[in-house]
There are 2 protein chains.
Amino acid sequence: MQQYYMPVKIVRGRDCVAKSAPVFASFGKKALIVTGKSSAKNGALADVSAALFANGQQAAVYDKIPPNPTVACVREGGALARAFGAEFIVAVGGGSPMDAAKAIAMLARQDADDLFSYRPTDDVLPMLHIPTTAGTGSEVTPYAILTNDEKQTKTSISHPAFFPKVAFLDGKYMRGLPQSTAAYTAIDAMSHAMEGMLSVRAGAVTDALAAESLRLLHAELPALTAGAYTDADRDALLLAATLAGMVIANTGTSPVHSMGYSLTYFHGAPHGRANGLLLPAFFEVCAQKAPERTAEILRAAGFSSSAALADALAPLLGEREKIGDEALRAYAGKASVNKNIKNCSVFFGEEDLFRVLKNSVGV
Amino acid sequence: MQQYYMPVKIVRGRDCVAKSAPVFASFGKKALIVTGKSSAKNGALADVSAALFANGQQAAVYDKIPPNPTVACVREGGALARAFGAEFIVAVGGGSPMDAAKAIAMLARQDADDLFSYRPTDDVLPMLHIPTTAGTGSEVTPYAILTNDEKQTKTSISHPAFFPKVAFLDGKYMRGLPQSTAAYTAIDAMSHAMEGMLSVRAGAVTDALAAESLRLLHAELPALTAGAYTDADRDALLLAATLAGMVIANTGTSPVHSMGYSLTYFHGAPHGRANGLLLPAFFEVCAQKAPERTAEILRAAGFSSSAALADALAPLLGEREKIGDEALRAYAGKASVNKNIKNCSVFFGEEDLFRVLKNSVGV
């Protein structure tokens with residue numbers, strides 16, 4: 001059986017937040033706005049505040065979400081939501097604030113002694129998500145990816161109630177984005193669409209969405225490489241990221257993500273860059289094990305081979321880490337027990353994973 | 001601003017109803033099954049009954065939905081749902097039972113003196129839809145189209161609460177479908193995808209879904225023309241119809257539907273056939289008024305021109321009605337005040353509508 005579920009209402013267009021004050025009004029009197037230190041400075045927080053103010057709603061702002069959000073920060077946010085009596089959450093930012101907001105919306109209503117083993121119920125505050133980067137797709141997924149210090153990795157917690165109610169897409173919030181963030185997040189989106197197509201849960205709907213996402217992303221490669229963006233580029237990148245999010249919400253991701261988490265946890269590689277470092281070598285192995293589907297995915301992304309994909313990504317990734325075999329073996333081991341392995345239509349054993357890591361960031 | 005919203009969970013695959021007993025269990029103790037006289041005889045009703053029985057749930061069956069459902073039948077169904085104490089509705093059949101089920105789910109909870117002017121609230125019984133034809137897409141739309149005798153047409157009532165909770169797609173229920181029904185419903189799906197692309201509300205998501213629907217439908221033209229289907233054909237047609245339903249749930253339909261309602265109301269033309277009679281002449285006018293977008297839509301459907309579309313549909317439509325100018329002028333007048341006119345990115349005035357009708361079914 002195949003399933004497709006995407007309950008998030010997607011609202012797109014210039015100034016869509018400002019124009020949607022009645023939507024905000026429908027969720028209650030008190031909002032907790034969850035954002036990061038810099039995420040809030042692109043105009044999105046001002047637009048949200050204006051909409052809430054126009055409605056006579058009250059808001060508290062929790063702006064302490066760091067990149068790769070921690071359990072401590074979502075607990076603090078959850079406690080604030082309770083103390084304030086928040087009835088809904090507005091998440092503003094990239095993947096970190098958007099993911100953290102989901103855990104906060106849950107912790108506002110449920111106690112969870114161990115976040116990573118806890119099984120959430122439906123009792124989660126409703127959320128409205130406003131992405132200010134074009135990568136994660138968190139605005140349309142039920143996933144919250146948090147730093148798991150005990151297991152020294154990033155761990156995804158998920159529940160259908162983690163789907164935001166509304167996602168507002170307005171490329172204008174990306175105007176001040178640093179080039180590295182713009183490029184890495186776009187690679188993350190590309191990675192989602194390509195990995196989603198390789199999932200055992202891929203289907204006609206997710207394939208159609210992934211293909212459209214990849215078409216948009218390929219058309220943006222010149223802008224991404226030049227680091228020069230028009231508002232039309234930003235809108236296209238944001239749409240592509242959301243489409244790719246709609247894909248992984250249904251398909252999950254692949255071993256690329258499993259391996260990438262180690263590059264982020266141990267080497268500080270930003271998430272999208274970590275995926276980009278691994279993607280070409282990963283699809284090189286896929287091309288050997290499942291040549292037809294791999295060719296189909298590469299073609300959808302506009303590439304004739306995994307080498308062509310590597311050539312396109314190389315200028316965006318900067319200098320590669322050089323990591324020794326011992327560490328890479330440990331990362332391959334970690335990745336081999338991640339649930340993403342079973343989710344992939346191509347089997348990746350520990351040796352395959354090591355090979356991908358070695359070819360991507362080996363000494 | 002552009003919106004996309006599709007809250008229906010789509011479950012696909014052979015025997016997906018039988019395998020989903022726990023899904024049915026989650027909606028309550030008592031189900032009203034809404035179906036038509038023949039819709040229930042394809043195995044779907046048996047599968048639903050078995051699933052409900054396995055759960056220890058009770059069910060009443062209302063199987064009096066006629067083609068082009070009437071206000072009287074949905075009132076009767078609503079009264080039965082109340083008397084039985086139904087907590088949820090299972091709709092089994094083509095567009096008529098699936099549309100009627102939505103009105104029944106509403107009337108089970110709300111009094112509505114005049115169905116066509118009433119504004120429903122959210123208080124609607126949850127619904128699970130099982131399409132047994134591949135055309136209407138009702139399983140993923142918030143629309144219920146009922147016969148409106150006062151205005152001598154068919155009128156769509158809609159509300160976000162009319163979205164079914166779950167749609168189960170299993171092509172095996174189409175095995176006994178008469179060829180005319182198979183062909184006309186497929187044309188309906190094609191019409192939805194093409195009309196949706198022409199909507200002022202079309203966007204990247206609906207375009208991607210429409211293109212995939214049209215690709216599947218074009219590949220099924222030989223089977224449709226031969227009237228010979230494998231289960232793979234049935235699954236593909238059903239998926240195409242659902243994808244097209246996901247499109248019109250967001251875009252609405254076009255003047256083709258507005259005009260088609262008269263061919264159905266006054267001449268008994270089945271809905272899909274009515275659309276098919278009009279589609280080529282409609283896109284011929286579109287090609288003059290909006291050549292680029294029209295070419296894009298025809299290309300997505302696999303046709304080089306509206307004439308090629310006409311050639312493909314002709315063998316499926318049978319002998320055309322020959323209707324006099326006076327009647328066609330009246331139908332053009334009726335269609336010109338339908339809300340679908342404003343929904344179309346190409347303007348169709350009364351003269352345009354008359355021209356399409358005349359070229360399609362004129363004497």
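**View 1. Helix H9 of chain A is mostly covered.** In H9(A), 11 of its 13 residues are buried. The model shown here, and in every view below, is predicted. Helix H9 of chain A spans residues 255–267. From the first C-alpha to the last it reaches 18 Å, close to the 18 Å expected at 1.5 Å a residue. The buried residues begin with the run A:Pro255, A:Val256, A:His257, A:Ser258, A:Met259 and A:Gly260. A:Tyr261, A:Ser262, A:Leu263, A:Thr264 and A:Tyr265 are also on the buried list. The cover includes strand E7 (153–158) and helix H5 (179–197) of chain A. It also includes helix H10 (271–289), helix H13 (325–336), helix H14 (340–343) and helix H15 (350–361) of chain A. After H9(A) comes A:Gly268, with a positive phi near 70°.

**View 2. B:Leu263 sits in helix H9 of chain B.** That helix covers residues 255–267. B:Leu263 has 23 C-beta neighbours inside 10 Å, so it counts as buried; the cut-off is 20 or more. Leaving aside residues up to four places away in sequence, B:Leu263 touches B:Ala269, B:Ala274, B:Leu277 and B:Val361. B:Phe168 lies elsewhere: its C-alpha is separated from that of B:Leu263 by 31 Å. The two residues are 95 apart along the chain.

**View 3. Helix H15 of chain B packs against other helices of its chain.** Helix H15 runs over residues 350–361 of chain B and has 12 residues. Its reach from first C-alpha to last is 16 Å, close to the 16 Å expected at 1.5 Å a residue. Buried residues of H15(B) are B:Asp352, B:Leu353, B:Phe354, B:Val356, B:Leu357, B:Ser360 and B:Val361. These buried residues pack against H9, helix H10 (271–289) and helix H13 (325–336) of chain B.

View 4. The order is E3(A)-E2(A)-E4(A)-E5(A)-E8(A)-E1(A)-E1(B)-E8(B)-E5(B)-E4(B)-E2(B)-E3(B), and the pairing is mixed. Strand E3 (58–65) of chain A and strand E3 (58–65) of chain B stand at the edges. Each has a single partner strand, so one side of each is left without a neighbour in the sheet. From one strand to the next the twist averages 25°.

**View 5. Inside the sheet, parallel pairs occur in chain B.** Strand E2 (residues 30–36) of chain B is joined to E3(B) by six bridges, and the two run parallel. There, B:Val34 has B:Tyr62 as its bridge partner in E3(B). E1(B) is joined to strand E8 (residues 166–169) of chain B by four bridges, again parallel. B:Lys9 has its bridge partner, B:Val166, in E8(B).

**View 6. Helix H3 of chain A lies across two strands.** Helix H3 (residues 71–84) lies across strand E2 (30–36) and E3 of chain A. It runs at about 170° to E3(A).

**View 7. The E1 strands join chain A to chain B.** Seven bridges link strand E1 (residues 2–12) of chain A to E1(B), and the strands run antiparallel. A:Gln2 has B:Arg12 as its bridge partner in E1(B). A:Ile10 stands opposite B:Tyr4.

**View 8. The contact between the chains draws on both.** It takes 22 residues from chain B and 22 residues from chain A. On the side of chain B that touches chain A, strand E1 (2–12), helix H6 (204–219) and helix H8 (231–251) each supply at least two residues. E1(B) gives the largest share, 10 residues. By class, this side has 14 nonpolar, four polar and four charged residues.

View 9. The RMSD is 0.0 Å, with a shift of 0.0 Å along the axis. That is the relation of a two-fold axis. Within chain B, B:Pro7 comes closest to the rotation axis, at 2.0 Å (C-alpha).

Notes
Residues are numbered from 1 along each chain as its sequence is written. Chains are lettered from A and ligands numbered from 1 in the order in which they are written. This is a predicted model: local features need pLDDT of at least 70, side-chain atom pairs count only at pLDDT 80 or more; totals for chains, interfaces and linings use all residues. Two residues are in contact if their C-beta atoms, placed from the backbone, lie within 7 Å. Ala, Val, Leu, Ile, Met, Phe, Trp, Tyr, Cys and Pro count as nonpolar, Asp, Glu, Lys and Arg as charged, and the others, Gly among them, as polar. Two strands pair if DSSP finds at least two bridges between them. The expected span of a helix is 1.5 Å times one less than its number of residues. A residue is buried if 20 or more other C-beta atoms lie within 10 Å of its own, exposed if 12 or fewer, and partly exposed in between; C-beta atoms are placed from the backbone. Axes are lines fitted to C-alpha atoms, for helices over the stretch in contact, and angles run from 0 to 180 degrees between N-to-C directions. Copies are superposed by least squares on the C-alpha atoms of residues with pLDDT of at least 70 in both.
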